[in-house]
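Open the model in a viewer and follow the stops below in order. Each one says what to select and what is found there.

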Amino acid sequence: MRLRWIGSALGAAALLLASCGGEDPQKKIEQDFRSSGVQVEKIAELAAKGVGAIKPLLKDDRRPVRLAAINALGSIKGDAEATRLLVELASGSDVEDAYFAMIALARQRAAEAKALVEKAFQSSQSRVREAACIAVAHLGDPALYPLVEKAATDPDPSVASAAAGTIRRCKIGEDDSGN
């Protein structure tokens, strides 16, 4: 199911760009949906249009459109407005939006991400705890590693799996010799 959301988010980038450019969105999607490489490229193109073009899409009723916009914001580094919007979404009540926004903040390497990630490890929502584990992998902040190690024993298998992936990716617990 999560892969479908990610695919939908990437694919929605084609819709977003088409609607921003005046083209027929359905026709554009049919052309661009043939390649996931094109979908990733479309998110990059959306990010290049800037926060002003992305901001209205965050309120769209269609989740794939919002997720593509969130992913695009995560590609915009050093922009206070992009970061502020992601912090709002990561702190919001919509769990899926919060999931992707937290990861996007970490991809930005925004200073605000660390406090949100720390708080997310305490969430009652397993999806939010899972996002925290993934965000730590993007941040690479050793101060957060103990939280990931604890999450590796989370009763929810998706959280424990995300923690295990971050432990491998960041080589948490290995000494300098690689052991």
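Start by selecting helix α8 (residues 112–120) together with helix α9 (residues 126–139); in this predicted model, their axes come within 8 Å and cross at roughly 145°. The crossing of α8 and α9 is left-handed. To see the contact, show side chains for A113, K114, V117 and A120 on α8, and for V128, R129, A132, A135, V136 and L139 on α9. Coloured by class, these contact residues of α8 and α9 come out as eight nonpolar, two charged and no polar.

From α7, select M102, L105 and A106; their partners in α8 are A113, L116, V117 and A120. This contact of α7 with α8 has seven nonpolar residues, with none polar and none charged.

Next, the core. Which residues have the most contacts inside the largest nonpolar core? Select I70, L73, M102, V117 and F121; the core they belong to has 50 residues.

Centre the view on F121. Setting aside neighbours within four places in sequence, F121 is in contact with R129, A132, C133, V136, L147, V148 and A151.

Move on to helix α11 (residues 157–170). With 14 residues at 1.5 Å a residue, α11 should span 20 Å, and because its end C-alpha atoms are 20 Å apart, the model agrees with that expectation. Select S158, V159, A160, A162, A163, T166 and C170 to show the buried residues of α11.

Stay in α11 and pick T166. Is T166 buried or exposed? T166 has 2% relative accessibility and so counts as buried, the cut-off being under 20%. Beyond neighbours within four places in sequence, T166 is in contact with C133, I134, V136, A137, V148, K171 and I172. C133, V136 and V148 are contacts of F121 as well.

Methods:
Residues numbered from 1 in each chain as written. Predicted model: local features only at pLDDT ≥ 70, side-chain atom pairs only at ≥ 80, totals over all residues. Heavy atoms only, no water. Helix = DSSP H or I, 4+ residues; strand = E, 2+ residues; numbered from the N terminus. Expected span 1.5 Å × (residues − 1). Buried < 20%, exposed > 50% of the residue type's maximum accessible area, 1.4 Å probe, protein only. Axes fitted to C-alpha atoms, helices over the stretch in contact; angles between N-to-C directions. Left-handed = near helix turned anticlockwise from the far one by under 90°. Contact = heavy atoms within 4.5 Å. Nonpolar A, V, L, I, M, F, W, Y, C, P; charged D, E, K, R; others polar. Core = buried A, V, L, I, M, F, W, Y, C linked by side-chain atoms within 4.5 Å.
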